[in-house]
Structure formats: C-alpha cells, structure tokens
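Please look over the sequence and the structure shown here before turning to the briefing below. The notes begin with the chain as a whole and then move to individual residues.

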Amino acid sequence: MALGLTGAIDLRQAEGKPYLTDGGHFILDASFGRIPDAQGLSSALLEIPGVVQHGLFIGLASTVVLAGEGGITLLRR
C-alpha cells in the first residue's frame, strides 16, 4: 500500500544501544507529520511480520486537548 508518507524512522536508543521493551522488542520512532489516512497506515503497519503494535490511537478519543504558547485548544470530533 503506497501511503505517500515521508519522514525519519529511527531505532530508539538507550545508553548507546538499541532500546528493548520488557517483552524484548525494539521500538522504531517514526515522524511523518500529518497522516492523511491513519486507518490505512494502521492496517499497513499491522500487516508487517514482526510488528507487535503501533502508537496510532484511532477511534479512542472524541476530544483532544492541545497546549501551546497561545494557550489551550480543544479539538472535538
């Protein structure tokens, strides 16, 4: 599936070595910016052999609280 995403993908490090979770898994940190098809990305990631989970929290929240220099912004579905 071609999702048209670009950005850095880095192996998470701890003390100069690849970080391992309690389950013995590596973590890849990806920075894609705005993701136009989050559900498509979720499906594509979970189809990769060895991928245990991802950090896309699709459909779990109806409100997002963003805090920044300009104050607080609420985004609601």
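**Overall dimensions**

The protein chain has a radius of gyration of 15 Å, whereas a compact globule of 77 residues would have one near 11 Å; the radius is taken over C-alpha atoms, and the globule rule is 2.2 Å times the number of residues to the power 0.38. This is a predicted model, in which local features need pLDDT of at least 70 and side-chain atom pairs count only at pLDDT 80 or more, while totals for chains, interfaces and linings use all residues. Residues are numbered from 1 along each chain as its sequence is written, and side-chain values use heavy atoms, with hydrogens and water left out.

**Confidence**

- The protein chain averages a pLDDT of 92, and 99% of the residues score at least 70, where pLDDT is the predictor's confidence in each residue, from 0 to 100.
- Confidence is highest in strand 3 (residues 17-18), at a mean of 98, and lowest in strand 5 (residues 63-68), at 93.
- Where pLDDT is low, the predicted coordinates should not be read in detail.

**Fold and surface**

- The protein chain contains 1 helix and 6 strands, and from the N terminus on these elements follow the order β-β-β-β-α-β-β; helices (H or I, at least four residues) and strands (E, at least two) are DSSP runs, numbered from the N terminus.
- Along the principal axes, the C-alpha atoms of the protein chain fill a box of roughly 40 × 35 × 25 Å.
- Of the 77 residues in the protein chain, 5% are buried, where buried means under 20% relative accessible area, exposed over 50%, and partly exposed in between (1.4 Å probe, protein chains only).
- The accessible surface comes to about 6,500 Å², and carbon and sulfur atoms account for 56% of this surface; such areas come from the Shrake-Rupley method with a 1.4 Å probe, and for residues only the protein chains shown count as cover.
- Among contacts between residues at least 6 apart in sequence, 21% join residues at least 24 apart, with contact meaning heavy atoms within 4.5 Å.

**Charges**

- The mean positions of the 5 positive and 7 negative charges are 9 Å apart; Lys and Arg count as positive and Asp and Glu as negative, with His and the chain ends not counted, and the place of a charge is taken as NZ of Lys, CZ of Arg, CG of Asp or CD of Glu.

**Residues in loops**

- Glu15 lies in the loop between strand 2 (13-14) and strand 3, and has a positive phi of about 55° although it is not a glycine; because its relative accessible area is 81%, Glu15 is exposed.
- Phe26 is placed in the loop between strand 3 and strand 4 (28-31), and counts as exposed because its relative accessibility is 54%.
- Leaving aside neighbours within four places in sequence, Phe26 is in contact with Leu11, Pro18, Tyr19 and Leu20, while its C-alpha atom is separated by 26 Å from that of Gly59, 33 residues apart along the chain.
- Pro36 is found in the loop between strand 4 and helix 1 (38-46), and is exposed, with a relative accessible area of 71%; the C-alpha atoms of Pro36 and Leu5, 31 residues apart along the chain, are separated by 8.9 Å.

**A residue in strand 6**

- Ile72 lies in strand 6 (residues 71-76), and because its relative accessible area is 61%, Ile72 is exposed.
- Leaving aside neighbours within four places in sequence, Ile72 is in contact with Val65, Leu66 and Ala67, whereas the C-alpha atoms of Ile72 and Ala44, 28 residues apart along the chain, are separated by 33 Å.
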